[in-house]
Amino acid sequence: MAVIAILGYGTVGSGVAEVMNTNKELIESKAEQPVDIKYVLDLRDFPGEPVQDIITHNYDDILNDDEVEVVVEVMGGINPAYSFVKSALQSGKSVCTSNKELVAAHGAELMRIAKDNNVNFLFEASVGGGIPIIRPINRSITSDRIEAVTGILNGTTNYMLTRMENEGIDYDDVLKDAQAKGYAERNPAADVEGHDACRKIAILASLATEKTVSYEDIYTEGITNISTTDMLYAKKLGGVIKLLGKAGFEDGRVWARVSPAIVKADNPLSMVNDVFNAILLKGNMLGDVMFYGRGAGKLPTASAVVSDIVDAVRHKNINLGIKWSEEKQELMNIEDVRVSKLVRVEYSEKDSAAAAVKRIFGTDSIIEVSDTEDEFAFVTDKVSEAQTDARLEQLLNSEGINGILNTIRIEG
Ligand code: HSE
């Protein structure tokens, strides 16, 4: 019999209990033994609910109980999750977590502590919700050098962008809807400003490089500047706007960024809608492989957590050896990364503005969409961001140009 404790009875924590209950027989067969939830730690009480019988408000009850073999941390945030997880590992308990903030900030250290104590620190649910991606990178794609990882890594923003695109629904209303569905973070700024996707791409890039890619070093831009007009331009280019987390590994150099991007119809990521996430990996032997599924929500996320519980129970006293060291991975300056961009220009005089675009960017291909006034867009060559920025500076000082309304990267 394996005894477990759950820290946090919110969306994911209650989901873990539900998954364990619904699929009890199957899970215990995979775990090769009965699995019992002995404690749930939460500040709240749940009178009248079955969970009330196992609620504790005191973490020491769990830490000091030698029967507890696996601690499931689904509280979110760094504190007190970090100290709880660290002490659990130090006292010989495995930890399974969905907490991307914790994994991105302290993953390598917690994995080392797990290894030193011959237990496991597992975090399948921290990226892509229910999608298996951590285990495949760590255990399946071991014959390839990963050249790029590109992902739709945040369910909330993908849900918002899809509904804005398809139904023209207002940004605030669709965000409220995502919150009601249990997709959004407690502070939804983490979703819409790209910080959640940033932690997730930091985790994936760390696994790909086997070093620590610091999330603070990753250029991050969210969807707060994306409008339905931008979506019309994307459509004219045969694409849709997605919030992408992307990391590139080329010639020993590594870069990573989070930003909205126009994804053309021939890229499978363009078809990933609603709360779904997808991660497209490029291996040097394998080529492209894509992982797709529900990226947020109670049961999909809990399903990934429970898969870790099964793994932890099956590997009692066997460290699974995730390759991710504390050595820092330096990143390329994002300004040196080459990318093509859509540029929306506001003009005072269209012909001179178009002439300036041709002189500076070498294109006379102007894109216009309905319902806009005094503006057009064009696409830049795939050159470094620094080079595009310098040309934009020149454009801003040109006759006929009033301003730059937006620039959006084009994936590919
Ligand atoms: N807020 C996150 C999302 C939850 O929307 O993707 C899953 O990590």
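Residues are numbered from 1 along each chain as its sequence is written, and side-chain values use heavy atoms, with hydrogens and water left out. Because the model is predicted, local features need pLDDT of at least 70 and side-chain atom pairs count only at pLDDT 80 or more, while totals for chains, interfaces and linings use all residues.

**Exercise 1.** Determine which strands pair with strand S10, and in which sense.

*Solution.* Strands (E, at least two residues) are DSSP runs numbered from the N terminus, and two strands pair if DSSP finds at least two bridges between them. Begin with S9 (residues 239-250), which pairs with S10 in the antiparallel sense over 12 bridges; here Lys-242 has Ala-261 of S10 as its bridge partner. These two strands form a hairpin with 2 residues between them, and Asp-251 in the turn has a positive phi of about 50°. Next take S8 (residues 219-220), which pairs with S10 in the parallel sense over 2 bridges, with Thr-220 opposite Val-258. Finally, S16 (residues 401-410) is also parallel to S10, over 2 bridges, and in this pair Ala-261 stands opposite Arg-409.

**Exercise 2.** Decide whether Gly-248 is buried or exposed, and list its contacts beyond its neighbours in sequence.

*Solution.* First locate Gly-248, which is found in strand S9. Buried means under 20% relative accessible area, exposed over 50%, and partly exposed in between (1.4 Å probe, protein chains only), so Gly-248, at 2% relative accessibility, counts as buried. Then, with contact meaning heavy atoms within 4.5 Å, and leaving aside neighbours within four places in sequence, Gly-248 is in contact with Glu-147, Arg-253, Val-254 and Trp-255.

**Exercise 3.** Find which residues touch the most other members of the largest nonpolar core.

*Solution.* A nonpolar core is a set of buried Ala, Val, Leu, Ile, Met, Phe, Trp, Tyr and Cys residues joined through side-chain atoms within 4.5 Å. The largest core has 115 residues, of which Phe-121, Phe-123 and Ile-309 touch the most other members. Apart from it lies another core, of 13 residues, among them Val-343 and Phe-361.

Technical notes: Helices (H or I, at least four residues) and strands (E, at least two) are DSSP runs, numbered from the N terminus.
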